[in-house]
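Please look through the model below before reading the notes.

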Amino acid sequence: MNLKTHLTSKKTALAAALCAGLMIAAPQFANAQPPAPDAAAGADRPDRPPHEKGRDGGPRHGGGPFMHELKSLDLSDAQRSSVRDAIKAQWQSARDERQAARQLHRNVEIAAPDSPGYSGLVNQLADAEANEARDRVQKQAALKSQVFAMLTPAQKTALTEKLKNLPEPPARPEKTGFRGR
């Protein structure tokens, strides 16, 4: 038997074995059940405080600092719509600022450290980051005030109590190494 025939017969045997394996395993895949609800994202941290849990038990995403608590207040449709519009308006107003910040980050990334305008670009980025942080805090406070004004006195009291009873967020670990990793 020459080498070419030997390799061809090995390939054929391998292909036949793979097909047989797939035929045997196909019914098992067809009968597979979806993962149990406790296997959802966040099941790895059952000790996660309520203010950090999303709808599926995993991490909470978006909506602002107290949106999770607002959902349990029984808002009317008009209130819910007003809150949604206020959040959307804030997000859209910040979109251009985020795009400008991304472009500035990109400019610093691609600039050579020995180029003449590098230090000015870095200073500009540092100032932009500081301004962005200050603006973000101020806008969140303004949004919270705006949403709070939309609530009834009973809802305001309930929200204030919920916010007071939130557990302290866990301390962040100290970052070490290159880029804090």
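This is a predicted model: local features need pLDDT of at least 70, side-chain atom pairs count only at pLDDT 80 or more; totals for chains, interfaces and linings use all residues.

Residues are numbered from 1 along each chain as its sequence is written, and side-chain values use heavy atoms, with hydrogens and water left out.

**Overall make-up**

- The protein has five helices and zero strands; helices (H or I, at least four residues) and strands (E, at least two) are DSSP runs, numbered from the N terminus.
- Buried residues make up 15% of the 181 residues, where buried means under 20% relative accessible area, exposed over 50%, and partly exposed in between (1.4 Å probe, protein chains only).
- Of the contacts with a separation of 6 or more, 53% are between residues 24 or more positions apart; contact means heavy atoms within 4.5 Å.
- The accessible surface comes to about 14000 Å², and 58% of it belongs to carbon and sulfur atoms; accessible areas come from the Shrake-Rupley method with a 1.4 Å probe, and for residues only the protein chains shown count as cover.

- The expected span of a helix is 1.5 Å times one less than its number of residues.
- Helix α3 (residues 77-110) has 34 residues and should therefore span 50 Å; its end C-alpha atoms are 48 Å apart, which agrees.
- The buried residues of α3 are Q79, V83, A86, Q90, A94, A101, L104 and V108, and they pack against α2 (67-71), α4 (118-149) and α5.
- In α4, the residues L121, L125, L143 and V147 are buried, and their cover includes α2 and α3.

**The largest nonpolar core**

- A nonpolar core is a set of buried Ala, Val, Leu, Ile, Met, Phe, Trp, Tyr and Cys residues joined through side-chain atoms within 4.5 Å.
- The largest one has ten residues: M67, L70, L73, L75, V83, A86, L143, V147, L151 and L159.
- Helices α2, α3 and α4 are the elements that give two or more residues to this core.
- In soluble globular proteins, nonpolar side chains tend to be buried together.
- Leaving aside neighbours within four places in sequence, L75 is in contact with L70, R80, L151 and Q155.

**Two buried glutamines**

- Q155 lies in helix α5 (residues 153-164) and counts as buried because its relative accessible area is 9%.
- The side chain of Q155 makes a polar contact with the side chain of Q79 (2.7 Å); a polar contact is a pair of N or O atoms within 3.5 Å, and within protein one must be able to donate a hydrogen and the other to accept it, while residues adjacent in sequence count only if both atoms are side-chain atoms.
- Q90, in helix α3, is also buried, with a relative accessible area of 16%.
- A polar atom of the Q90 side chain lies 3.4 Å from the backbone oxygen of K139.

**An exposed loop residue**

- D74 sits in the loop between α2 and α3 and is exposed, with a relative accessible area of 70%.
- Although D74 is not a glycine, it has a positive phi of about 60 degrees.
- Most residues other than glycine have a negative phi.
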